[in-house]
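I opened a new notebook page for this protein. The entries below record what I looked up and in what order.

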Amino acid sequence: MKHLTLNNLLRIAALSLLAFGLISGAVPALAETANWQQHMPEHIPGGDAAALIIPVVAILMVFGAPALAVILIALFVFRHRERRQQLLNERIQKFLEAGQPVPENLMEDALPSPVRNLNQGLVLVGAGIGLTVFLTLMTGFAIGSIGLILVGMGLAKILIWKLAERQAQ
């Protein structure tokens, strides 16, 4: 049985919420297509089936394609990380079976670095501020506030780095 860390569980939960949000946006749009007959002309090439299939396919493409892209990217990222960790564990196991000391640089890769949290936090804060400013200027603060999610995540990473630094001292 594979070991799921809290980080992976949170990522899975976030992807599930994203998929649910995309699906819940598509359901009302699909319900609106139930009244398709009142908006259609008398004669449609291909018959009534074409008149129903075209809006359904269009709605599924608009809402389904981005969701599918996000899910596929997340799947590839998780598989890459899992494979990289598996290779690292195999290399460490070979050193241990041979009775040799494990090089420190291998062990540093296995453990998360506090500096990595700082770097990720600063990148997230910068990206969040940039996204907030861009979306606010383009659409208004109601949409622009989406970038504040990234700012919050970045500040959390910086806080984790700061707490790890204090704990090390």
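What percentage of the 169 residues in the protein is buried? I noted 14%, where buried means under 20% relative accessible area, exposed over 50%, and partly exposed in between (1.4 Å probe, protein chains only).

I kept in mind that this is a predicted model, in which local features need pLDDT of at least 70, side-chain atom pairs count only at pLDDT 80 or more, and totals for chains, interfaces and linings use all residues. Residues are numbered from 1 along each chain as its sequence is written, and side-chain values use heavy atoms, with hydrogens and water left out.

Secondary structure: I found six helices and zero strands, in the order α-α-α-α-α-α along the sequence. Helices (H or I, at least four residues) and strands (E, at least two) are DSSP runs, numbered from the N terminus.

Contacts (heavy atoms within 4.5 Å): of those between residues at least 6 apart in sequence, I noted that 55% join residues at least 24 apart.

Salt bridges (a side-chain nitrogen of Lys or Arg within 4 Å of a carboxyl oxygen of Asp or Glu): I looked for these and the count was one. Glu165 and Lys162 form a salt bridge through their side chains, N to O at 3.5 Å. Both residues sit in helix α6 (residues 147-168), three residues apart, about one turn of the helix. I then checked accessibility: Glu165 is partly exposed at 31% relative accessible area, and Lys162 is partly exposed at 35%.
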